[in-house]
Structure formats: structure tokens, C-alpha cells
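The following report describes a structural model for a reader who works with computed geometry. Please read it alongside the sequence and the coordinates, which come next.

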Amino acid sequence: MISYRPGPVSLLLALLVAAFLLLPLFAVVPVSFTPGRMLAMPTGQWSLRHYQTLINDPRWLESILLSLRIGIVTSLLSTVLAVTFGLAIWMFQPRFTALLVGFVILPMIVPPVVSAITLYFLLTTLSGLVPAIGYDTWLGVALAHTVMAVPFAAVMILVALSQVDRNIDLAARGLGASVWERATRVILPNIRFGVVTAALLSFILSWEEIGVTLFVTSVNAITLPRLMWMGLRDNIDPAVAALSVILILITLAVLILRAVVQYRRAPSDR
């Protein structure tokens, strides 16, 4: 196996690109320790008051728990819908496959503001029929996020299915397996990593969604991104910077853990 070792110029360019992308993110670190009530670099004194605000102010904890709940529901709904769609396309190969795929990924192509306006009118209509999933409810937000996340999950599932050998499905069909048995016992085990990826991607998209959330919520369903947006719009709260630092640290920890796991699973070249 031929291995490639980057030269010093390649490493230097990679470091410059990484610095260009990451340094603006780490600029919020000193801002989060400012003793003042506005976003600013600390001048001499450093304070943990804004980290304490995240602990003492119940709004932050409530918004985090709400975002987690919405994200989990969105992830489950999006994954189930994407898997169902992908399996139907892969197993039955309908005549209008391209048209159906294009229809499913349409929310990915349409500008977010158009989707947000459409979902706003949909949820306001549902408010009169089923108030539990209408406008400014957490289930309504989860439904709106699902509409936005399904296209991405469907793409992940279709990519995973494209790597599956159709002969195993034909063999199961020849042995008398039903459609349900072929889907659950033959195909799904072979795309389990794609399913997990689709679920994680859907959760992440829901966790960070702000554009659609601003249209479909008012005062009841305040997710974490919406609360951060309110903190920046209304009073430029430095607690937003403190929360950003915590989210950056969590992301780095997950990436490091993933790299360690991959390193331990990788075969040794020695």
C-alpha cells in the first residue's frame, strides 16, 4: 500500500487554512470572561459571571432541554421517513424515481425563508385543528425541523443503499422472504451506519436551526438558538459567548474522541 506523506509546504498551507477557519471561533473565548454587561474584550479583569448566569438563569437550562427534546423527535421522525423512502425507492425502483427524489430534496433547494413562510402558514392552520402541533408549540417546531431535515437524511440513506449489493436482496426474495423481512433482516443491517449518520445529521440540523424557528415560534417554544439570538438582538448578552465556548469545547471533545476511536481501530502499519 502506497502511503503519502505531506511535505512542509502542504503542512503550512493546511495550518494556514485551519487558522483562518478556527481563529474567529476562538475569539469568543476571551469575550466570555469579560466582567462587563456587554460583549467586549476583558480589559485587565476576568470574570466567570456569565458562566454563572448560564447555571443560575433557568431560561438557559429550559431552552437546552427543549432543544434536546425537539432534536431527538426530529431525528427519529426524519430517520424513519428517510429510511422508508429510501427502501421503497431501492426495492421497488418506481418509474418516476428521479422525480420522487427531486420532490423529497426540494426543501434543500428552496431558499430557507420560503420554507419558513410555508411552514408558518401550515402550523397556523394546524393550530385551529390540532393545537398540540400548531404554531409556537414544541411539537410544531419538531414538525417544521423534520421537514427541513428529511432531505439531508434521505440523501444519506440513498448513498448508503447505493453501496448495497442487490444480489443479497434477490437471494432473500428467492428464498421466500417477505418485503418486511427483506427490509429489516437483509437491507437495514447493511446500511446501519448510514442510518446512524442520518439520525445524527438530523439532530444537528435541528439543534442549530434558527431561520425556520424564528417564523414558527413566539414566546412558548424558545429553543437554544432562538434564546441566543434574542440575547444578541435585545441586550448583546455576553452569556451567549460563554455558551458558545462550552459548545466549542463539547465539539472538540467529540472530535478528539472520534479520532482516538478511529486510531485504535485502524490496523497498525508497523
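Helices here are DSSP runs (H or I, at least four residues; strands are E, at least two), numbered from the N terminus. Within H8 there is a kink of about 40 degrees at Ala149, shortly before the proline Pro151; the bend at a residue is the angle between axes fitted to the seven residues ending there and the seven starting there.

Val159 also belongs to helix H8, and it is partly exposed because its relative accessible area is 47%, given that buried means under 20% relative accessible area, exposed over 50% and partly exposed in between (1.4 Å probe, protein chains only). From Val159 to Leu175 the distance is 27 Å, C-alpha to C-alpha, for a separation of 16 residues in sequence.

## Basis of the values

Residues are numbered from 1 along each chain as its sequence is written, and side-chain values use heavy atoms, with hydrogens and water left out. Because the model is predicted, local features need pLDDT of at least 70 and side-chain atom pairs count only at pLDDT 80 or more, whereas totals for chains, interfaces and linings use all residues.

## The largest nonpolar core

A nonpolar core is a set of buried Ala, Val, Leu, Ile, Met, Phe, Trp, Tyr and Cys residues joined through side-chain atoms within 4.5 Å. The largest one has 21 residues, and those with the most contacts inside it are Leu87, Trp90, Met91, Ile157, Leu161, Ile187 and Ile191. At least two residues of this core come from each of H4, H8 and helix H10 (179–187), and H4 gives the most, with seven residues.

## Aromatic pairs and charges over rings

Rings of Phe, Tyr and Trp (its six-membered ring) pair if their centres lie within 6.5 Å, and planes under 30 degrees apart count as stacked, over 60 as edge-to-face and the rest as tilted. The structure holds five aromatic pairs. One of them joins Tyr120 and Phe121 edge-to-face, at 5.3 Å centre to centre and with 70 degrees between the planes. Tyr120 also pairs edge-to-face with Tyr135, at 5.6 Å centre to centre and with 90 degrees between the planes. Since Tyr120 lies in helix H7 and Tyr135 in the loop between H7 and H8, this pair ties together parts that are 15 residues apart in sequence. Tyr120 counts as partly exposed at 31% relative accessibility, and Tyr135 is likewise partly exposed, with a relative accessible area of 26%. Elsewhere, Phe33, Trp46 and Tyr51 form one aromatic cluster.

A charge sits over a ring if NZ of Lys or CZ of Arg is within 6 Å of the ring centre and within 35 degrees of the ring normal. The charged end of Arg69 is placed in this way over the ring of Trp138, 4.9 Å from its centre, and Arg166 lies over the face of Trp90, at 4.3 Å from the ring centre.

## Positive phi in two loops

Most residues other than glycine have a negative phi. Gln93, which is not a glycine, has a positive phi of about 45 degrees; it is found in the loop between helix H4 (58–92) and helix H5 (97–104), and at 49% relative accessibility it counts as partly exposed. Asp136 is not a glycine either and has a positive phi of about 65 degrees. Asp136 is placed in the loop between helix H7 (112–129) and helix H8 (138–161), where it is buried, with a relative accessible area of 7%.

An unreviewed UniProt entry lists residues 64–92, 99–123, 138–161, 193–219 and 239–261 under "transmembrane region"; UniProt positions are given in the numbering used here, feature names are shortened, and annotations may be inferred rather than shown by experiment. In the model, residues 193–219 are 81% helix and 0% strand, with end C-alpha atoms 38 Å apart, while residues 239–261 are 100% helix and 0% strand, with end C-alpha atoms 33 Å apart.

Helix H11 (residues 192–208) has 17 residues and reaches 25 Å from its first C-alpha to its last, close to the 24 Å expected at 1.5 Å a residue. Its buried residues are Gly194, Ala198, Ala199, Ser202, Ser206 and Trp207. Ile256 is placed in helix H14 (residues 239–265) and is exposed, with a relative accessible area of 55%. The C-alpha atoms of Ile256 and Val29 are separated by 19 Å, although these residues are 227 residues apart along the chain.

Methods:
Expected span 1.5 Å × (residues − 1).
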